[in-house]
Amino acid sequence: MQKTSARRTSPVHALALAIAGLAATLAPAARAQAPAAAAGTETFKVGIVSFLSGQAAESFGIPAVNGAKALVEAFNKGEAPAPYDKAGIGGMRIEAVYIDENGGATKQVQELRNLYDREKVDAVVGYVSSGDCLAVAPVAEEMKKFLILYDCGTPRIFEDAKYNYVFRTASHATMDNVALARYLKARNIKAESFNMINQDYAWGQDSRKDFTLSMAQLYPQAKLGEDLLPKFGAGQYGTEISALMSRRADVTHSSLWGGDLQAFILQAGPRGLFKRSQVVLSAADHVLTNLGDKMPDGAILGARGSYGLLSPKSPLNDWWWSIYQKSYQTYPAQAPYRMAQALLGLKMAAEKAMAANGGKKPTTEQLAAALTNAEWDSPGGRIRMTLGGGHQATQETAIGRTRYDAAKKMVVLDDIQRFPAACVNPPVNVKSEDWIKSDFAGAKCN
Amino acid sequence: MATALTILIDGLSYASWLFIVALGLTLVFGVLKILNIAHGSFYALGAYAAASFVAWFASMKFAPEWSLVAMLFAAVAVAVLVAPLTERGLMRFFYGRDEVLLVLVTYALFLVLEDVTKLLWGANPYYVSEPYAMFGNVEIGDQVYVGYDFMLMGLAVAVGLAVWWGLNRTRQGKIVLAVIHSEEVAASMGVNVSRVYMLAFGVGVFLAALGGAFTAPLISVQPGVSVGVIIVSFAVVIIGGLGSIEGAAIGALIVGLARSFAVHVMPQAELFSIYIVMALVLMVRPEGLFQRIQARKI
């Protein structure tokens with residue numbers, strides 16, 4: 001008789017290997033390099049890390065990289081408006097290396113080391129995921145290399161640690177949730193009870209906490225009902241929607257984003273959740289073009305800044321909007337805006353450091369010194385590196401209400417309210433949680 | 001009482017799509033002894049194909065009801081195009097090899113198909129939400145459900161019965177069962193085992209694609225949809241017993257109801273709920289609920 005079972009491993013063992021493999025890396029790293037600079041020309045090499053595959057690619061990663069490509073091209077051609085009109089960075093051609101953020105924090109730590117050690121980049125601009133930001137920031141600091149976090153929202157990065165070489169050029173998630181609560185209060189929207197649904201990781205948990213604390217200050221009588229934390233990428237929300245509808249609440253808050261948010265809206269809309277409760281979404285502008293008339297009217301939403309349909313009128317914004325729309329036939333939503341303000345900040349800081357350095361390429365220390373406590377104009381408004389010892393940005397934000405415009409065949413935002421940075425961000429040296437609990441002490445809203 | 005009814009309906013709704021996908025996974029394992037990670041990719045291909053077929057039918061001015069037919073066509077098209085290519089072009093070269101190697105081969109295939117879907121459909125999302133509204137809403141107590149969810153439950157029952165009937169009441173099905181029991185004896189009796197492998201793999205791909213096609217109206221079809229479904233499908237077939245159709249049904253019900261109960265009663269435990277149930281089942285029956293004890297060949 002033939003022996004057939006000896007070489008086989010048990011199915012459960014094989015399955016464990018399979019799941020480990022899936023969890024470890026879901027897609028190979030995509031690595032695309034822009035054309036090299038002309039021989040003999042000094043370049044400024046930037047590693048740009050964002051989701052090029054996986055669930056965060058469509059909503060955030062790829063639009064942000066598209067924004068980076070449009071902007072780097074405009075910089076290199078010297079086509080950006082003043083004060084960003086010097087070609088490249090201080091005359092040095094920008095060479096961009098694009099890295100896929102997909103695959104988890106452990107992989108990103110390795111990719112970051114590769115960017116500094118092998119690719120010899122002068123700076124890295126990247127990271128959508130709060131989990132990745134928390135993982136890579138200490139690594140850049142340990143290596144004494146320059147890192148700009150352009151998108152992730154968790155406040156913990158600069159509130160729980162101090163960095164010399166790491167910066168975040170966008171406000172953290174506290175701003176988004178404080179602004180939502182202030183918007184509700186300013187319009188006297190009834191909120192005796194509220195439900196929440198947020199993803200179960202750093203971004204969702206921090207958003208949940210900030211909104212709950214803000215409601216406790218602005219609506220002290222409001223009671224929290226359902227507090228749901230589905231996993232990232234859940235896709236199916238039928239049960240969660242039933243739970244939200246069973247426990248009726250005046251307001252339903254969510255910081256869902258990307259494909260999760262789109263699936264939630266597609267499933268919750270027909271079931272009438274948006275009619276039963278005032279839905280408020282902290283980061284939802286990026287799904288409006290995709291959902292179109294499937295986006296229910298009357299939802300209150302933010303874009304994590306004055307971005308896209310919430311952006312202020314300015315020559316810089318008009319120029320940015322036009323180069324993005326020309327390249328990609330759609331308007332820029334939040335992710336490309338945040339990428340743009342990071343690259344504008346990098347260019348500003350590098351050129352400032354070069355000016356103080358006799359026009360030579362700046363060292364990491366000079367670059368870091370130039371960006372610390374800096375200010376610059378971006379398409380979404382003025383960026384000020386005021387928090388985290390001058391390493392964490394604050395900016396204004398805006399909130400609006402959805403309405404599908406059949407004539408324009410697009411969702412528009414009405415009833416937009418702008419909030420100055422000092423109204424929705426904590427002051428210097430105060431943690432977000434403490435600031436909210438102090439009834440927003442020192443906030444300047446007028 | 002109302003909460004119990006809501007938990008039951010939500011659990012059945014979640015179990016229905018999960019069962020369709022897990023059924024294909026367990027069938028492929030039963031016949032080919034492959035833990036097919038690429039099953040999630042076939043699910044995604046079904047969803048993408050459904051998006052394209054529904055859009056095409058709409059552009060041909062077919063009535064909205066035809067979108068259901070379009071989704072069925074999408075699943076058939078994926079099975080007809082992808083299954084022979086994958087099974088004849090790749091998998092057959094690894095039959096009889098160590099199961100770990102087979103898992104790695106299907107994992108590699110999963111990665112390749114992820115990029116193939118991006119190559120074919122790009123990174124932008126697709127929507128097929130029209131069929132979702134086709135069955136109207138159903139009010140039960142203070143809940144409003146979408147009729148489509150109940151249609152999915154019916155589809156899952158129909159698919160389960162069809163597969164059971166095909167395996168137990170047809171000559172071809174009995175040949176498949178013979179191969180599941182012992183491919184060597186079946187081959188010695190004149191059964192074309194390669195053909196049975198191709199048939200079983202094709203049905204498995206069809207079921208994955210069918211699950212994807214009929215889930216497409218609920219979600220935004222975009223890169224990454226293949227990941228979550230394969231992990232939870234593995235949980236289903238482990239609970240039910242690898243290779244068992246009855247096990248896939250009971251496993252899907254257990255997972256659906258456990259998750260629904262957790263979301264309604266203890267939301268903090270939602271992530272944990274499926275895996276604690278799986279762990280408990282494996283503690284009592286390491287081979288799963290419906291896995292038959294197999295004689296060791298010597």
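Helix 8 of chain A holds a run of buried residues: Gly238(A), Thr239(A), Glu240(A), Ile241(A), Ser242(A), Ala243(A), Leu244(A) and Met245(A). A residue is buried if 20 or more other C-beta atoms lie within 10 Å of its own, exposed if 12 or fewer, and partly exposed in between, with C-beta atoms placed from the backbone. The helix spans residues 238-246, and eight of its nine residues are buried. Helices (H or I, at least four residues) and strands (E, at least two) are DSSP runs, numbered from the N terminus.

This is a predicted model: local features need pLDDT of at least 70, side-chain atom pairs count only at pLDDT 80 or more, and totals for chains, interfaces and linings use all residues. Residues are numbered from 1 along each chain as its sequence is written, while chains are lettered from A and ligands numbered from 1 in the order in which they are written.

Now turn to the sheet in chain A. Seven strands form an open sheet in the order 8-7-9-10-11-15-16, with mixed pairing. Strand 8 (223-228) and strand 16 (410-419) of chain A are at the edges with a single partner strand each, so one side of each lacks a neighbour in the sheet. Neighbouring strands of this sheet are turned by 25° against each other on average, direction ignored. Axes are lines fitted to C-alpha atoms, for helices over the stretch in contact, and angles run from 0 to 180 degrees between N-to-C directions. Two strands pair if DSSP finds at least two bridges between them. Strands of a sheet pair through backbone hydrogen bonds, either parallel or antiparallel.

Strand 7 (residues 193-197) of chain A runs parallel to strand 8 of chain A, and four bridges join them. Ser193(A) has Lys223(A) in strand 8 of chain A as its bridge partner. Four of the five residues of strand 7 of chain A are buried, so this strand is largely enclosed by the rest of the structure.

Further along, strand 9 and strand 10 of chain A pair in the parallel sense over four bridges. Here Val251(A) stands opposite Gln278(A) in strand 10 of chain A. Which residues of strand 10 of chain A point one way, and which the other? Gln278(A) and Val280(A) point one way, Val279(A) and Leu281(A) the other, and all are buried. Strand 10 (residues 278-281) of chain A is also joined to strand 11 (residues 300-302) of chain A by two bridges, and these strands run parallel. Leu281(A) has Leu301(A) in strand 11 of chain A as its bridge partner.

Helix 6 (residues 173-186) of chain A packs on the sheet. Helix 6 touches strand 9 (251-254), strand 10, strand 11, strand 15 (397-405) and strand 16 of chain A. Its direction makes about 65° with that of strand 15 of chain A. Two residues are in contact if their C-beta atoms, placed from the backbone, lie within 7 Å.

Next comes a helix pair in chain A. Helix 13 (residues 334-355) and helix 14 (residues 364-371) of chain A pack at an angle of about 115°, with their axes 8 Å apart. They are therefore roughly perpendicular to each other. Angles under 35 degrees count as roughly parallel, over 145 as roughly antiparallel, 65 to 115 as roughly perpendicular and the rest as oblique. On the helix 13 side of chain A, Gly345(A), Ala349(A), Ala350(A), Lys352(A) and Ala353(A) make the contact. They meet Gln366(A), Leu367(A), Ala370(A) and Leu371(A) in helix 14 of chain A.

Chain B has its own helix pair. Helix 10 (residues 225-240) and helix 11 (residues 245-265) of chain B pack at an angle of about 120°, with their axes 7 Å apart. That angle makes helix 10 of chain B oblique to helix 11 of chain B. Gly240(B) lies in helix 10 of chain B. With 29 C-beta neighbours inside 10 Å, Gly240(B) counts as buried. Leaving out residues up to four places away in sequence, Gly240(B) touches residues including Gly247(B), Ala248(B), Thr26(B) and Phe290(B).

Finally, look at Val128(B), in the loop between helix 4 (99-121) and helix 5 (130-133) of chain B. Val128(B) counts as buried, with 29 C-beta neighbours inside 10 Å. Val128(B) and Leu218(B) are 90 residues apart in sequence and 7.9 Å apart in space, C-alpha to C-alpha. Apart from neighbours within four places in sequence, Val128(B) is in contact with Ala50(B), Ala51(B), Val54(B), Ala216(B) and Pro217(B).
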